[in-house]
Amino acid sequence: MEFESALQFLDNKSILVTGATGFLAKIFAEKILRVQPNVKKLYLLLRAADHKSAIQRLHHEIIGKDLFKVLKEKCGKNFISFISEKITLIPGDISQEDLGVKDSNLVEEMWKEVDVVVNLAATTNFDERYDVALGLNTLGAKYVANFANKCVKLKVLLHVSTAYVSGERSGLILENSYRMGETLNGVSGLDINIEKKVIEEKLNELRLQGASEKETTQAMKDLGIARARFYGWPNTYVFTKAMGEMLVGVFKENMPAVIIRPTIITSTYKEPFPGWTEGVRTIDSLLVGYAKGKLTIFLADLESVVDLIPADMVVNAMIVAMIAHASHQPSEAIYQVGSSMRNPMKYRNLHDFGFRYFSKKPLINKDGKPVIVGKLRVMDSMASFHRYMALRYLLLLKGLELANTAFCQFFQGVYSDLNRKISFVMRLADIYKPYLFFDAIFDDINTEKLRMAARSSLVESDMFYLDPKCIDWEDYFMNIHIPGIVKYIFK
Ligand SMILES: NC(=O)c1ccc[n+]([C@@H]2O[C@H](COP(=O)([O-])OP(=O)(O)OC[C@H]3O[C@@H](n4cnc5c(N)ncnc54)[C@H](OP(=O)(O)O)[C@@H]3O)[C@@H](O)[C@H]2O)c1
């Protein structure tokens, strides 16, 4: 792998980015616009009924975010004209042929102009409806590859997947591709067309039964989990992402294609400024629940590695990989982008950083009082968690019985509410279990080769830093990531 200049590569290029309102896509777009203002065009595909609502989404959910403040300062009064010149909004939906773009002129323009396609659109909900997740994470990947195939100037297709397509395997997880129909447990017969039929049949059955929207949603969620587990994956999200990778492998045909598999993405490490984040994501939900005093137990193996990677490093890896593979030669490369191989952090550290930060700087609640946090009770196995929940359930039940024997109806209501809450918590714990007790390391030999090549021959290697070894986790959590959560999530 030999590089010259990333900025030269980006000069006068047109890039189609799907999922443009998403966390990672925004960081990607901001970086390109900030470091290479001579990029020709960013076609940002986002869901919108029409152009007017696409513009509203651009202003509210993309350029209106603090993330763009550095670029705004850099452009000064020319910011809006710069954005109008460089960004073309594409209302669309990747779960449809031709990405659901209705304006045929725009479609023709993209087929003529686009050099790079970056697919970031996805549902990242572990417990998504199966029809939604299959349509987006699996078939969407195929529609994006088909679209890229029609772009006459295309140099590379970049598909963003997740490292957790590996399921619950332990040990060293290699950067291997999935063959069509491959499963994690060896069960044969995985066929994406059959999965589509299974969904159609279930939806028909629900229609005939007169199921409500709520019942249909629950049935579709259950179906996703059941199909995922039948083939060895722990949840609908990673199962449908794995099938998406399989389709990219087939439908990329002769294009150069890159699959990026990030681990758990956290706030920016350095650019455009440290600590930018958005939405309550995976491990952040633990920190948020803890800071608010709502989390009283910590369900995880403290010695397990929690594989985190700051978002700006993921974006830099995407850009460097894109340049490394841009050619007209058919190829497929997989890059796992995480930290467990080079600079592992453990759940023990996460627990410790959370306690130290919020006991020193507690959140202030609605009444203006600090939320006092203490050390959490650690449950280091699912068995101890189940025992704990069973005990809490019995105690609550006993309390309710004593208080409500005279109010039978009221008791019934509270009882079913309690049951619902308990089963919700159990379902969540069950879905997150593979990550809280994760026993694997993501190999990143391909990504390491990319880093080495960038270090030795990329002119702007400092600008496209992607080495997790430089992260001091304590400093990152105490001074960047948790303050970022407090600023951007609690506000
Ligand atoms: N965040 C992580 O920790 C993480 C870790 C590993 C891998 N990844 C992968 O990285 C990628 C980006 O993740 P993210 O965290 O940035 O996700 P995100 O914030 O949830 O963004 C997903 C984007 O996809 C869009 N989208 C949903 N359905 C669509 C459709 N039918 N057509 C077009 N766009 C659609 C969403 O648009 P709306 O705003 O309209 O909903 C949203 O902009 C995903 O592929 C994900 O699997 C993420």
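Modeller: Leaving aside neighbours within four places in sequence, Leu154 is in contact with Val114, Asp115, Val116, Val117, Ala148, Met255, Ser327 and His328. Contact means heavy atoms within 4.5 Å. This is a predicted model: local features need pLDDT of at least 70, side-chain atom pairs count only at pLDDT 80 or more, and totals for chains, interfaces and linings use all residues. Residues are numbered from 1 along each chain as its sequence is written, and side-chain values use heavy atoms, with hydrogens and water left out.

Biologist: Why is Leu154 called buried?

Modeller: Buried means under 20% relative accessible area, exposed over 50%, partly exposed in between (1.4 Å probe, protein chains only). Leu154 has 7%, so Leu154 is buried. Leu154 sits in the loop between H7 and E5.

Biologist: What makes strand E5 largely enclosed by the rest of the structure?

Modeller: Five of the five residues of E5 (residues 156-160) are buried, so the strand is largely enclosed. Strands are DSSP runs (E, at least two residues), as are helices (H or I, at least four), numbered from the N terminus. Both faces are covered: Val156, Leu158 and Val160 on one side, Leu157 and His159 on the other. In a regular strand the side chains alternate between the two faces of the sheet.

Biologist: How do you know that E4 and E5 pair?

Modeller: Two strands pair if DSSP finds at least two bridges between them. Four bridges join E4 (residues 116-119) to E5, and the strands run parallel. Val118 stands opposite Leu158.

Biologist: What makes E5 and E7 a pair?

Modeller: Four bridges again, in the parallel sense, with E7 at residues 256-262. Leu157 stands opposite Ala257.
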